[in-house]
Amino acid sequence: MIPGARFIILGRQGAGKGTQCVRLSRHYVVPHISTGDMLRVAVRERTELGLAAREIMDAGGLVGDDIMIGIVDERLRRDDARSRGYILDGFPRTVKQAEALFDITEGLKKPLDVVIDLDVPRELVLQRLSARRVCRDCGTNYVASGRERQPWICDVCGGDVTQRDDDTPEAINKRLDLYEEQTSPLIEFYGEADRLTVVDGVGTPDQVFNKLTLAVGASQKK
Ligand SMILES: [Zn+2]
């Protein structure tokens, strides 16, 4: 049986993190802990946390460090994460969160194996995101070739497949800038802690998956 793993995955939007996290989570039999997904679920289910987060997001703000750290702390204490490990996606976003995560993992006596930076050049993710189309009903992602009629019909559910309003080049560039700004201090933080591995995210999903598992494996032999 494959041993579990504990790692963080960083990467620009459009780098293919979502697809790879699904595969990695199955491969290592660990939960994919996406703070973005957890927040969306909390908002949908109108939990106390969800309501608080909703208020902040509606006001255009980012959910603060303390809330995010609390969510992750609670999640990492559950049995599945304690016994097998986890893939953390979307957390940490700030150095304060990274420091808190260090304390949490130390407290559990289960240090991180590695922090992976899934690197895809900015121009390439810009192209990918511009070609992205999404089913309005079920959320399935598609890639437009430019020859389709708009909107087209979703293969999965028959809904309308369209471009998201926030997938204009301006909006995408703004998100990528924000990511750069947020992440560069983290890259520095984990680089100094000798925990960072950059994985080239250009290639087929199979090729990238192989590179990722090699990187995790190498970190566990250290
Ligand atoms: Zn659909």
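Start by selecting Tyr-190, which in this predicted model is a buried residue with a relative accessible area of 5%.

A search of the whole structure finds three aromatic pairs, and another of them is the next stop. Select Phe-7 and Tyr-28, whose ring centres are 5.9 Å apart and whose planes stand at 75 degrees, so that this pair, too, is edge-to-face. Colour strand β1 and helix α1 (residues 17–28) as well: Phe-7 belongs to the strand and Tyr-28 to the helix, so the pair ties together parts that are 21 residues apart in sequence. Both Phe-7 and Tyr-28 are buried.

Strand β1 (residues 5–11) runs parallel to strand β4 (residues 114–119), and five bridges join the two; if you select Val-114 in β4, you have the bridge partner of Phe-7. Now show the whole open sheet, in which five strands with parallel pairing follow the order β2-β3-β1-β4-β9. At its edges stand β2 (32–34) and β9 (196–200), and each has a single partner strand, so one side of each is left without a neighbour in the sheet. As you turn the view, note that neighbouring strands of this sheet are turned against each other by 25 degrees on average, direction ignored.

For a contact between a charge and a ring, select Arg-23 and Phe-209, where the charged end of the arginine sits over the ring, 4.5 Å from its centre.

The last stop is another open sheet, made of four strands in the order β6-β5-β8-β7 with antiparallel pairing. Its edges are β6 (141–143) and β7 (152–153), and because each has a single partner strand, one side of each is left without a neighbour in the sheet. Zoom in on β7 and strand β8 (residues 160–162), which pair in the antiparallel sense over two bridges, and select Trp-152 together with Val-161, its bridge partner in β8.

Methods: Residues are numbered from 1 along each chain as its sequence is written. This is a predicted model: local features need pLDDT of at least 70, side-chain atom pairs count only at pLDDT 80 or more; totals for chains, interfaces and linings use all residues. Side-chain values use heavy atoms; hydrogens and water are left out. Two strands pair if DSSP finds at least two bridges between them. Axes are lines fitted to C-alpha atoms, for helices over the stretch in contact, and angles run from 0 to 180 degrees between N-to-C directions. Rings of Phe, Tyr and Trp (its six-membered ring) pair if their centres lie within 6.5 Å; planes under 30 degrees apart count as stacked, over 60 as edge-to-face and the rest as tilted. Buried means under 20% relative accessible area, exposed over 50%, partly exposed in between (1.4 Å probe, protein chains only). A charge sits over a ring if NZ of Lys or CZ of Arg is within 6 Å of the ring centre and within 35 degrees of the ring normal.
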